[in-house]
Every structure is written in structure tokens, then in C-alpha cells.
Amino acid sequence: LDKTVKKAVAIKDVTQCEATGRMLEKARRDGVVVAFDRAAGMKPCPIGAESACCKMCYMGPCRLNARDPYGKVGVCGATIDTIQSRNLARMVASGSAAHNDHGMAVLELFKGVANGTITDYTIKDPYKLEALCLELGLEIEGMTIQEKALALADELEKTYTQTEGEIPFVKRVPAKTLETWRKLDIVPRGAMIEVMGIMSRTHMGCDQHYENITKAISKAALADGWGGSMVATELGDIMFGTPSPVQADVNFGVLKEDHVNVIVHGHEPNLFESMLVSVSDPSLVQIARDKGAKGINLVGMCCSGAEMMSRHGVPHAGNFMSTEPVLVTGAVDAMAVDIQCIQQGLAKTAEFYKTHLITTNPRCHIEGARHIEFEEHTPRECTDEIVTLAIARFADRGVDVEIPQIINKGIHGFSHEYINYMLGGSFRSSYAPLNDNIINGRIRGVAGVVGCVNPRVKQDWVHVELVKELIKNDVLVIQTGCSQIALAKAGLTVPEAAVLAGPGLREVCEAVGMPPVLGLGSCVDNTRILIAATAMVNQGGLGDSIADLPVAGAAPEWMSEKAVAIGQYFVASGVFTVFGVGFPTVKETKFHDHLFGGLEDQGLGKWGVTKDPYEMAAMMLAHIDKKRKELGIDK
Ligand code: SF4
Ligand code: MSK
């Protein structure tokens, strides 16, 4: 253990994932330090954890006392409410920027495909292309597929660049929800102006009213959920296929000792799609065989892995906190990464186990990693080179290989379109429709359980306990990102898991043949939850706005700024959203109370926080029951 680590942590306390735990034991034997150890050696700063400090200018940094929040102000006179709202605003700006930057890259790719300058990808779902054009009110009569795609690209570009008006997908928002947004002046104009607006107004000596700053927070967050993320999901579906249920294997056992193992980790689907083509190229497969491998095994991790698993059934090795431990197997010949949630610690661990760690994106280089830039016009140049490096490493691994032989089979790939189809053609028209089952009480409500894993809590445990508690109480759970992988490893993404559900939910699951836990894809695919919620409102019987629905959301082990942006876009859309781990505000302050109650009084949703999964479930159930009562369906 190195200098950053004061004491070894008990492995049983830091992860519920058996394979990850076994690799932590091996790492310890090998003298390798990973994030779980670094977390034990790094106590979070208590002032920063509650957002009671400010470094917006160099008269400070200023630290207030979270135990006596109004006892002191910053040098400029900034109060605790100004300081913490500015800090949260910058977290949301960063999270929203990350998703919008990703969404813009997907749009650029789509434009290239539409105008014929990018030829390695194509339009796989022309029906969705047409449906989206019509939904956005575009005149497409008589147009070719390419012309429709160009028209759609032009329209969706406004999501990012527009400086006045409303972003295009606002057309999808339920009328009453949109009316509330307009009344509160929180409809986003365009992502760039909203993110820039936050950076500008949080400069020293500018916006110093937490309520006004909260409006800017909502705008930047909504420009993520109904903006960049939604564009990424929808255009990804059009180019790479709209997911429908597919069986996929999850866990470290998907690595194969006698194959060349290539992992793709990150968030953008294009790298992964091209890697899928490279690993199937007969000439590369032959080279691998000539070197003694039985084949080339492509595996996903983190969110691009979740997206590829949902679209194509590509095996998935594990979530964010397993990305270092998977290298400890010694079996990974190359790990290709693009953007977001790529821990810098991977470089040192990869070097120790002689794995090629390759960055591919101009936005993300890592000191100590090899950089091979991925270029959409010639994607195979990058992915073929990575596969070639992986084959060479396979031929001369030079490290012990130890793969925990654990595989969990599950069903994934529940797009909002498929949920719609599966539960009755529309949400309220024929067999087992979702709204009817909520109204008749078989399904008590719907919960979105999403987000990261975080070494400050036991990996996967909070996700799994929360979801078990929710389904036991007849709440249908929909999932994305690292949370979905946690539940897949716990065996809850199979139809047989219906036995763990309450009697009503179990009956619905068995009638339809679906698991009680539906995996939707990556963290940008949280937008599928917004669209599903909108469909529930539009089908009738459950109120007029998203805030009326018996639904709740949770990110039980969150860690990233993107998670905060996602949380805020759910709250601003009308959803009660509970975070685990902790929340960066000081309790019993005006700003905290505004987020945790005031927004709900304005017709939006609200925040909640608790570390305890059972308390989290109780809070979500109480909210669902409150909404059922208000709808008059509580009998
Ligand atoms: Fe301190 Fe005000 Fe400067 Fe923040 S902006 S560091 S509170 S003086
Ligand atoms: S990867 S943002 S750890 S879900 Fe999307 Fe997982 Fe959270 Fe990253």
C-alpha cells in the first residue's frame, strides 16, 4: 500500500460484488492500490462535503461553519445560501456540459452520416427518424431518408446553439409541466447559453440570490435531460438501432483466458460500434488465432458498455468501481476509453498488469496512457490498431491471469418504445397497460433507480437493497447506468426475479414475461425515463403533469457532477428524487429547504437524501402513496 493509503480496508465492507472483492484481494497480494484503498486514505473535507466553502475569488477562499451557517459570511459578504447555491450551480453546469458535449458529438456524427461524408455508420431505424421529424413538426413530405436526417439534424442543433426561444424537445413536455416551467421562467433556450449563463452569474459579485440561482440551475439541468442527453439517446437509436429486449452476460466471468480480451469503457457509442466491427474482422481474428488465441472477446464496462449491452447484447464486465479491479485479472489485453468516469488510477494499474490503456478522444488524454485518436471518418484506423495491440499483448501477457468465473445472465434493452409496446400497445389501451395496472393498484408506482457507484458506500449494496425493497412493495423499477449493472449482478434483471416482487407486480411481470427491474441503458438514456413518464401523463388517468404521477427517482450511490445535473432535471420535471451517500448542502438553510421542499410548492419535484436504502425506499413509497391519494386511486 502506498502513501495515500493509511490502512487496509476490509474488503467485505467496501463491495458487495464478489468478483470485484476477489480482485481486491489479489491486488493486495500484488501490492497494487485501487480507488477503494485511496478512498480509505482520503477523508472527505467536511466543509466541502456540505458546500460551506467558496473559492470564487482570491479574497478567499472563505470557509463558513456548517454547524452555525448564518454565524459568518464570506469576505465579500456572501451568505451560506449564495455560496452553496453557486457551488451546486457549477456542479450542474459541469454535468450538463458533459452530457451536452457528448450529445453534440452524436449530432455531428449524425450530420456526417446524413450528408454522406461519414460512411462507416448508417441510419438503422428510419421509422424512428420519421416519427421524430413528425413529432417535432418538421415538413418531410416527399423527402428521402437522407433529407429527413439533415432536416432533423438542423432542428436538433438548436438544442445547443439557440440563444432565444425554447429547445426543440420542449414540444414533448406534458402541457401542464411546460406551463409551470414557463410561469417560473425555467424553460431552457439552448445548452450553451444556459451553461455559460451559470458560469457568468456565479462569478464573484454577480447573482447573489439563491432563488434566482436555482432557476438558472433548473434551466441548465433541463437543457441536459430534455436537451443534449435526449438528442444523444434518440440519434443513437436512429443510427445504431432502437433497443429491444436482449439477453446479455454480466460480470468478470465474461472475460476469457484463451481469447484476446478488449474492453471499451466510457460513454460514446461510436468507438464501441467500430470496435465491434474490428473484433469481427476475419483478418484480425486470423491474426489472433495465429498467435494462439481462440478468438477476440469484446466486453463493455460502465455506460458505453451498458448502452452496447442494451442495443446488441454485448457482454458487460462491471460498473465504474470495477474498472480498476478488472485489470487485476491480468486478462485484459487492451482497455480503450473515451470520455467521462475514466479514473486516472487506471493508468498505474494498467501499467502494473501490462494492459494497454488507450485514450481515444481529444477531450480525454491521460498521462501514462497511449493516445490513439478516434476519427469518425476513418474509425477503423483507431479500433484496428487497438485490436492489433491487444493481440500482441495476448501473445506475450507476462502476468498471471486469474478470472473470477462469475457470470450473471439477464434481459436488458427496454427502450421506452418497447415498454410502451410490451405493456399494451399504448400505456392505456389493451392487455396489461401500465396506467391501468397503476390505477387498479397491482403496480403501486414506478421508480427510476439510476446512477453511479461510489467507494464512500459499499459498492452495489445500496442499489440492490433499495430495489429489492421497492419491488417487494409492488413498485416497478426502471434503471440505467452503473445501477443497472449492480442489479444485473444481483440476478434481478431476469423474469424469474418476479418471485421477489409483491403479489400485484409479480402478476403483471408473469403475465407479460418481464423482469420486475427493467434496464434502459446508459446514463444519457435517463431521458428514456422522462419520455416514459410523459407517455404515462399523455395516456390519461394519472393527472396532468409529471409531478402528478406516482413515481419517484433515486441515485443511491451517486458520485459525478452529471448525477447532480440528472437529479435536478428530474426534480425540475416534477419527480421526487432521493440521493444516497450525502448531498452538498447545509441542512436548515434557506437554499437547502428550497431544494428539498420549496420547488415542490412551485409545482416541480423535490430532493431527498439518506444513506440508508430502507429509509430511501420508505421515503419513495410515502411519496408514491401521497400521489396515489391525490389522484384518488389509493383504495
Ligand atoms: Fe470569499 Fe466572496 Fe470571494 Fe467567495 S466570492 S471566495 S465568499 S470573498
Ligand atoms: S458511468 S456517471 S459512474 S452512472 Fe455513466 Fe456510471 Fe455514474 Fe459514470
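The largest pocket of this predicted model holds about 1,300 Å³ of space. Lining residues have an atom within 4 Å of a point. Grid points are joined across faces, edges and corners, and a volume is the space filled by probe spheres set on the points. The model is predicted, with local features needing pLDDT of at least 70 and side-chain atom pairs counting only at pLDDT 80 or more, while totals for chains, interfaces and linings use all residues. Side-chain values use heavy atoms, with hydrogens and water left out; residues are numbered from 1 along each chain as its sequence is written, and chains are lettered from A and ligands numbered from 1 in the order in which they are written.

The lining of the largest pocket comprises 39 residues. Pro44, Gly48, Ala49, Arg456 and Trp558 lie nearest the centre. At least two lining residues come from each of helix 3 (35-40), helix 4 (46-49), strand 1 (53-54) and helix 5 (80-115). Helices (H or I, at least four residues) and strands (E, at least two) are DSSP runs, numbered from the N terminus. By class, 21 of the lining residues are nonpolar, ten polar and eight charged. Here Ala, Val, Leu, Ile, Met, Phe, Trp, Tyr, Cys and Pro count as nonpolar, Asp, Glu, Lys and Arg as charged, and the others, Gly among them, as polar.

The second largest pocket has a volume of about 380 Å³. It is lined by 19 residues, with Glu135, Arg172, His416, Ile531 and Ala535 closest to its centre. Helix 22 gives the largest share of this lining, six residues. The second largest pocket lies between domain 1 (80-240) and domain 3 (415-631), because both give residues to its lining. Domain bounds come from an automatic or database domain assignment.

Three cavities of 30 Å³ or more were found in a search of the whole structure. The largest cavity has a volume of about 390 Å³. Its lining has 39 residues, and Gly448, Val450, Asn526, Ile529 and Phe570 lie nearest the centre. Domain 2 (246-395) and domain 3 (415-631) both contribute to the lining, so the largest cavity lies between them.

Ligand 2 sits in the largest cavity, where sitting requires more than half of the atoms of a molecule to lie within 2 Å of the grid points. Residues around ligand 2 (one heavy atom within 4 Å) include His267, Cys302, Cys303, Cys341, Cys452, Cys482 and Cys523. Eight residues of this shell are nonpolar, three polar and one charged. Domain 2 (246-395) and domain 3 (415-631) both supply shell residues, so ligand 2 lies between them.

The second largest cavity holds about 100 Å³ of space. Of its 15 lining residues, Cys54, Cys57, Cys62, Cys76 and Arg86 are the closest to its centre. Eleven lining residues are nonpolar, two polar and two charged. Ligand 1 sits in this second largest cavity. Among the residues surrounding ligand 1 are Cys54, Cys57, Cys62, Cys76, Arg86 and Met204. The shell around ligand 1 divides into nine nonpolar, two polar and one charged.

Notes:
1 Å grid on protein atoms, 1.4 Å probe; cavity = no way out; pocket = protein on both sides within 12 Å on 5 of 7 lines; lining within 4 Å.
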